[in-house]
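User: I have a model open and would like to work through it step by step. Can we start with the terms and then move to the details?

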Amino acid sequence: MAASSRGSRAFRGIFSSSPTICSRCATTRFYSATAATETKAPVTDASPPAASTKTPYPYDIRSGLVLTRPPLLTRTLHPFENAYFFYQKRLEERLNTPFITSIYFKPDTAAQLDWSLKVQERGGTVAKELGTYHGKSSNAWDDELKVGDQLSSQESVLNSLLKDAAARVSDDAEVIAPEDVVPVERPVERLSEADKKNDVRRLDRQMERTLYLVVKGPDGWGFPADVLKDENLHEGAKRVLDQAAGVNMNTWLVGRVPVAHLVQEPVMGKNGEVQKKGRKTFFLKGRIMAGQADLKGNPFGYTDFKWLTREELEKELSPEYFRGVRNMMADR
Amino acid sequence: MASSASITGLFSRLSLLSRNTTTTATMTTTTTPRLFSTTSTSLARKAPPPAAGGSAPKAARRSRQAPKSENFFRIRTLRRNMFSPAPPPLRMARLRYLRHWTIHRAWQLFRRKQHEAIEKERSRMHAGMYNACEELRKTVGPGSRGEGYLYRVAMEKKGVYGLEGVPIEYARFQTDSPAKEAWNHDWKR
């Protein structure tokens, strides 16, 4: 088969008026316009499409951006998960081979002394967070916690790990007195200052949830959006964000595909003329990695902004607005 | 049992080999058996003939007090402890086993609910995108553009793949506790 035969056939299909291909199909038709709309057109006669091409499109196309801050922290585990993991660890204590100190520690070193001191204080249990429990002794059956015992909670696990991390023996193998032991620095609290003050402008609030940037405009609270000016959706969204909230944010537009849309139907007169144009707003999804919004000098009349979670948005946005955008919001 | 025996054999061979190399370093006259070769000569090799008297090998063994290798103590620790017997399987009384079963079933149920919630969330987000794209496909504009223009542009995959597809700042893991400065509010372009 010759290499050029396919191209020539395609050209012939377009230019020749052969009876197998109708002239409508031979004209350029994009894949986005379905054949269904093409076949519908002759049935309803030629007047409505002709009218629609004469009159301007009755919708304003708007492009908006849902700027989200991804969660910074892992989720808080369910108490059942904590309890289950603790249970499994104690079963593992019953099933594992014994810990052989001489494999991991050279005799008469500071590390070995430190280790033996800590294990003695734990009552001989090798695991750090399991309390006093011997998986090989005759009391190994007693591996369940009593109701209300806080030993399996994240807090107590953290405390026991921190206690174990502090050095108890100095480099020259001398036991440090209990009052001289330097405790290991605790990790920063998961609840931030902004959470305690309920400062909705800060970005370090609700750190295990996704936050969404909403601005207060003439129409109430909503995501920043503006009418497209002969540009594509993603360019429009970028421009809207830069104009509305300033450039001092490190953001990333996740894709060009809209994740949510809102449609406001136009008000039509009796003769089919448009009295008030409708609105189609398409929202793209953006992520913020650093920086803060700044509404100073924005041309859209935005007066205030907030970083809210999904539940807070539900209270803040109007119900039909929230119904339009809620599908793009993650559970967390 | 058979595998552990073979490993013990390997270890004894290993120590024998190291001892042999040390002896060859000191006295070059002894012949070293090549342990790991599979050549025809080694296959054809015969076992050494048994010693004639009872006391002769004992004396030979006593005289072979080769210097210990540097790994001697490490190997001794491993040989002593590696082959400890496996712990017995869990035994539980009837009610204890019933509790264990209940915990197991509750965990399975919990996992199932989690999976279903994730599945539901993903399909919901996908449906949102699908509906928005469908609406975009039916949209005319902007300006003099025809129907579906914005949709076709949105479907382009320019800049999605490759090294610049995802910014490196976005590759941040979620952590158990926040950083000392949890968020950089003063970032400037």
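Analyst: Contact means heavy atoms within 4.5 Å. This is a predicted model: local features need pLDDT of at least 70, side-chain atom pairs count only at pLDDT 80 or more, while totals for chains, interfaces and linings use all residues. Residues are numbered from 1 along each chain as its sequence is written, chains are lettered from A and ligands numbered from 1 in the order written, and side-chain values use heavy atoms, with hydrogens and water left out.

User: Leaving aside neighbours within four places in sequence, which residues is A:Arg256 in contact with?

Analyst: A:Arg256 sits in the loop between strand 5 and strand 6 of chain A. Helices (H or I, at least four residues) and strands (E, at least two) are DSSP runs, numbered from the N terminus. Neighbours within four places are set aside, and the contacts are then A:His234, A:Leu284, B:Val153, B:Ala154, B:Glu156 and B:Lys158.

User: With which side chain does the side chain of A:Arg256 make a polar contact?

Analyst: A polar contact is a pair of N or O atoms within 3.5 Å; within protein, one must be able to donate a hydrogen and the other to accept it, and residues adjacent in sequence count only if both atoms are side-chain atoms. For A:Arg256 the distance is 3.0 Å, and the partner is the side chain of B:Glu156.

User: How many residue pairs are in polar contact across the interface of chain A and chain B?

Analyst: The contact takes 76 residues from chain A and 68 residues from chain B. Pairs count here with both residues at pLDDT 80 or more, and the rule finds 28.

User: How many charged residues are on the side of chain A that touches chain B?

Analyst: Ala, Val, Leu, Ile, Met, Phe, Trp, Tyr, Cys and Pro count as nonpolar, Asp, Glu, Lys and Arg as charged, and the others, Gly among them, as polar. By class, this side of chain A has 39 nonpolar and 15 polar residues, and its charged residues number 22.

User: What area is buried between chain A and chain B?

Analyst: Buried area is the accessible area (1.4 Å probe) that two parts lose on being put together, summed over both. Carbon and sulfur atoms give 61% of it, and the area is about 6400 Å².

User: Which residue forms a salt bridge with B:Lys180?

Analyst: Side chains of opposite charge can pair when their charged atoms come close. A salt bridge is a side-chain nitrogen of Lys or Arg within 4 Å of a carboxyl oxygen of Asp or Glu. The rule finds seven across this interface. For B:Lys180 the closest N and O atoms are 3.8 Å apart, and the partner is A:Glu185.

User: How many residues apart are A:Arg201 and A:Asp304?

Analyst: Their side chains meet in a salt bridge, 2.9 Å from N to O. A:Arg201 is in the loop between helix 9 (193–197) and strand 2 (211–217) of chain A, and A:Asp304 is in strand 10 (residues 304–308) of chain A. The pair links distant parts of the chain, and the separation in residues is 103.

User: What kind of peptide bond joins B:Gly141 and B:Pro142?

Analyst: Most residues other than glycine have a negative phi, and most peptide bonds are trans. B:Pro142 is in the loop between helix 5 and helix 6 (149–154) of chain B. Omega at this bond is about 5°, and the bond is cis.

User: Which element of chain B has the lowest mean pLDDT?

Analyst: pLDDT is the predictor's confidence in each residue, from 0 to 100. The mean for chain B is 77. Where pLDDT is low, the predicted coordinates should not be read in detail. Helix 5 (residues 94–137) of chain B has the highest mean, 97, and the lowest, 46, belongs to helix 1 (residues 2–26) of chain B.
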